[in-house]
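Here is a short briefing on a multi-chain model. Read it with the structure open.

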Amino acid sequence: MDRRTREYLWGYVLVSPWVIGFLLLIALPLLASLVLSFTSWNGLSPPKRIGLRNYSQILKNDPLFWKSLRVTAIYTIVVVPVTVALGFILAIALNRDITVNHVLRMVYYLPQLVSGVSILLLWLWLFNPNYGLINRFLAIFHIRGPGWLGSETWALPALILMSLWNVGPQMLLYLAFLQKIPKEVYEAAELDGASRLQILYYVTLPLVSPVTFALLVLGFIGHFQVFRQAFVMTEGGPNNATLFYVLYTYNRAFLLRKLGYACALACILFLIILVVTLIQLQLAKKWVVYDEDLI
Amino acid sequence: MAKSRKIVVVILAFIIILTLFYFLVLDNRKSDSNTVLRVSVRDQGSYFSDQLKGVFEAYEEQNTNIGIKLEVEPWEHYWTKLQTQIMGGMAPDIMIFSERSLHTFAENNALQDLDTMVEEDNYDLSDFYEVALETGRWNGRLYGLPIMMEVPALFYVKDAFDATDTPYPKPESMTWNDFLELCRKLTVFTSDGKVEQYGYVEQAFGSGLLSWITQNGGGVVEPIVKPERCVINSPEAIEAAQFYFDLSVKYHYTPTIIEYRTEAMGDSFQYLRSGKCALFQAPSTAIYFFEQNIKRYGVVPLPHNKKRSNSIKISFLCINSKSKHLKEAWGLLKHMVGPVQEIIAESLQSFPARKSIAKTKFLANDPAIRNVFLEELNYSIVPIITDRYMELIVVLGPYLDQMGTKKISVSEAMNEISEKMNAIIETE
Amino acid sequence: MVTTNRSRCLINTITRTIVFVGVVPMILPLVWMILISLSSREDIVGDSPFWYPNPPQWSNYPESWKALPFLLFYKNTFLMSVLSTIGAVFSTSLIGYGLARFNFPGRNIVFIVMLCTIMIPGVVLMIPNYILFRRLGWLDTLKPLIVPSFLGLAPASVFIFRQQMRRIPKELIDAAKLDGCGPIRVYFHIMLPQCKPIVGVIFIMHFFAAWNNLMGPLIYLNTMENKTVSLGLTYFRNQYGSQVGLMMAASTVALIPLLIIFAFTQKLIVRGGKAL
């Protein structure tokens, strides 16, 4: 066996677990979901083929579908850019390598560390209109706090606010990138007479654009699938004000046992994510700057 | 250095392989020579579970070849959990179903037809209340033995009445008008419009709605079994719903849905604990709470308008149709409907579904109160029996919210609900 | 326009102030959580937003554990998290190794497909995976939550490992090969040590994700004895939601293992962040 064949073999062997996993747990299930989306299945009796009826019902006859899309879209469109922007600002502010900054970075990363069902229960209580910290805090300024999770208009803003609390990972990623930018770049710009703001806009932003791009793309994919917050805190209410798309799909699947319908919803979700990501990839060519040395 | 690292790696690999081995090979539970029956119940307190365990241990001693594994699941997600288990092919042998879920699973052949076993054994069903047995049937066959019923009545807090100088209600069903008047007297407002004491609270927001509707001669669906159309927008039903929502939204004799969620955190008993409630509609299971916390209380029948009526909930013990031990499960089931009903009657004060136990063990300390509940049972109905309960009831939820916050008028809401329910009933 | 020293100082001060003020909303909720966990109901529904629980209700902690079988939950969660994280670290590093240092046809395709799987929402695989695990008889066990991590399906981790391993200078590996090291030896003696900080980051990522995972346990675990901490906390909310003190106590306890693990690997993270 010559060297090249050995290299090929080793390569295949090392990658084989992934291939197996991909086929068994990703590719095949994806296909199965598609096939199931053309059936009506209640999990107990065998599935029945019904063609495109699920899809036509979703698109024509299902107000909750559109509602959940709208809710999820609003959530994503607000949370993703804002957290990315906040992460960037924090990274810029805490860039210098002094101890105070190290401590502050830790503090801002804290929400990410404690993310989980625990913190959702805490926020549930923080948002309580009568006894929660937020409304009590507002009361100090004589502001009458809204009903938050109990109110149809304020439930979604409450969940959005909660997500904005957590900017640790974005900050960290920007920091990692910022620290790679050599000092000379800044010094050169200053020598050329650029103001702080100009440096920020014309030098720093382009240099970290790969991070921004990654955060926006991954942020969209991740946040569009938001589930946990609604499931634990509001169960989609009040009056479906926080009915996120994945929660809606879960309800259809495991609450109402409409598994074919749920698969159709899931396939549509996949399509949406695919299309939006491709659009983002295309737009990226216009504003993302890659510097090979940095990567 | 390299050697110690090697050792660490080897040990790590060994641990991983061992655990994998354990999981993938040995984890398949070994079956004893015993038949193990799995029984799944809702969590109703440790006292109830302990009593149940006692019953099972006694049974195991008498039947040495049978082991019983009790699975207690939290209240809230009980039905969805059972549903997932049935879907996953791992349902327990004996399960509890309510009048809302039993028919769905009977329709899908997940439940064992009990009539065959009843006939084989010549089992006497005459001690069970007829309304409970009827509800446990689907397509003419019996799928569950009833064990407990939630029959609502009107509790009153004597201290709250004293505080407003109101005479205690008589042990008879009052008219809606009298009820409204009573609530007005019992509701105390502070100077800035807040409520110091509510006239009336229900065990959960909306829990009494169906009772109010049927008291006015209305209904949810028609016919009740395997409905063909929704009648929740009949004038009677709309009038009843209007009456109900007026109590909170118009008169504020009862907390609004927002207050219920935020002040009481969804726990109506909070109003009783803080002494902010005069009348409380609840089933007999609330007696334990009253005994512990209120002490000076009484129980009277529910009001009526066009007729006396109340909507009840019934729990059934069912057998998994795919159980591998049908005969043993049936044996245990028969045993359970005796002792378990007694435990339920004594410890939970839940209305047992067997007449003999209801007349003796149920509320034995307070025959007067027991009679109120026994009497209410005469007017109890189950307003909807269908295999599509889940789908239909999901329509109701958001509208309760909207009606409770005055976002939509009651008649509009009921018409929309009726439309949606009819749409569901018509599709397959 | 050249910035003067004065304006630079002003911007600095403003930024500094905002950053320091921002610390408050980061920490305050957590402080409050501990405060509530030690309070009785009367304390909580009092008038002011801050109070000193008098006396501190330490009993909330053991009581919250009595309400649900948390000991079992912790055992299950620990087992699942540790095993799936070890599986993830090993499998993703091996796959990253294969993609980084072995030139074989299809290498790029695998990598690209792997990155594309990021776009696939979990919910579209949810039902078929459920069916698969049902067939295998793995429902109501921890297997569906552990075994897939051994297949290296986490694209982000593979990406990071591949990135790092590509950077390792060829001379190191050539030297090792001259010493007679096969690829496995190279992996253990060169790749892993060089990736130590990365391993720390990946370990934390996966451990936290496994520990906080809600949907997986929700779908696959049925009986009480097999459930995890995140499920247990959800039930808390439903059944004991009005007993806030207990709820916060249970929540606080659930955070402690995470903080401990993080503290131990904190140094690795900082180094790992820089290495990226």
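A salt bridge here is a side-chain nitrogen of Lys or Arg within 4 Å of a carboxyl oxygen of Asp or Glu. By that rule, chain A and chain C share 0 salt bridges. The model is predicted, so local features need pLDDT of at least 70 and side-chain atom pairs pLDDT 80 or more, while totals for chains, interfaces and linings use all residues. Residues are numbered from 1 along each chain as its sequence is written, chains are lettered from A and ligands numbered from 1 in the order written, and side-chain values use heavy atoms, with hydrogens and water left out.

**Interfaces**

- The contact between chain A and chain C (contact: heavy atoms within 4.5 Å) takes 84 residues from chain A and 94 residues from chain C.
- Chain A and chain C bury about 7900 Å² between them, with 76% on carbon and sulfur atoms. Buried area is the accessible area (1.4 Å probe) that two parts lose on being put together, summed over both.
- Chain A also meets chain B: 25 residues of chain A are in contact with 23 residues of chain B.
- About 1900 Å² is buried between chain A and chain B, and carbon and sulfur atoms give 57% of it.
- The rule finds 2 salt bridges across the interface of chain A and chain B.
- Glu152(A) forms a salt bridge with Lys407(B), with the closest N and O atoms 3.0 Å apart.

**Chain C**

- Chain C has 14 helices and 0 strands. Helices (H or I, at least four residues) and strands (E, at least two) are DSSP runs, numbered from the N terminus.
- Of its 276 residues, 55% count as buried. Buried means under 20% relative accessible area, exposed over 50%, and partly exposed in between (1.4 Å probe, protein chains only).
- Among contacts in chain C with a separation of 6 or more, 73% come from residues 24 or more positions apart.
- Chain C exposes about 11900 Å², and carbon and sulfur atoms supply 68% of that area. Accessible areas come from the Shrake-Rupley method with a 1.4 Å probe; for residues, only the protein chains shown count as cover.

**Aromatic pairs**

- Over all chains, the structure holds 62 aromatic pairs. Rings of Phe, Tyr and Trp (its six-membered ring) pair if their centres lie within 6.5 Å; planes under 30 degrees apart count as stacked, over 60 as edge-to-face and the rest as tilted.
- Phe213(A) and Trp287(A) pair edge-to-face, at 6.2 Å centre to centre and 75 degrees between the planes. This pair links distant parts of the chain: Phe213(A) sits in helix α11 (residues 209-223) of chain A and Trp287(A) in helix α14 (residues 259-287) of chain A, 74 residues apart.
- Phe213(A) counts as buried because its relative accessibility is 11%. Trp287(A) counts as partly exposed because its value is 35%.
- Tyr123(B) and Trp330(B) are also edge-to-face, at 5.6 Å centre to centre and 75 degrees between the planes. Tyr123(B) lies in the loop between α5 (114-121) and α6 (130-135) of chain B, and Trp330(B) in helix α14 (residues 326-336) of chain B, 207 residues apart.
- Both Tyr123(B) and Trp330(B) are buried.
- Ring pairs also link a cluster in chain B, including Tyr129(B), Phe155(B) and Phe373(B).

**Charges over rings**

- Lys226(B) lies over the face of Trp138(B), 4.9 Å from the ring centre. The rule asks for NZ of Lys or CZ of Arg within 6 Å of the ring centre and within 35 degrees of the ring normal.
- Arg162(C) lies over the face of Phe111(C), at 3.8 Å from the ring centre.
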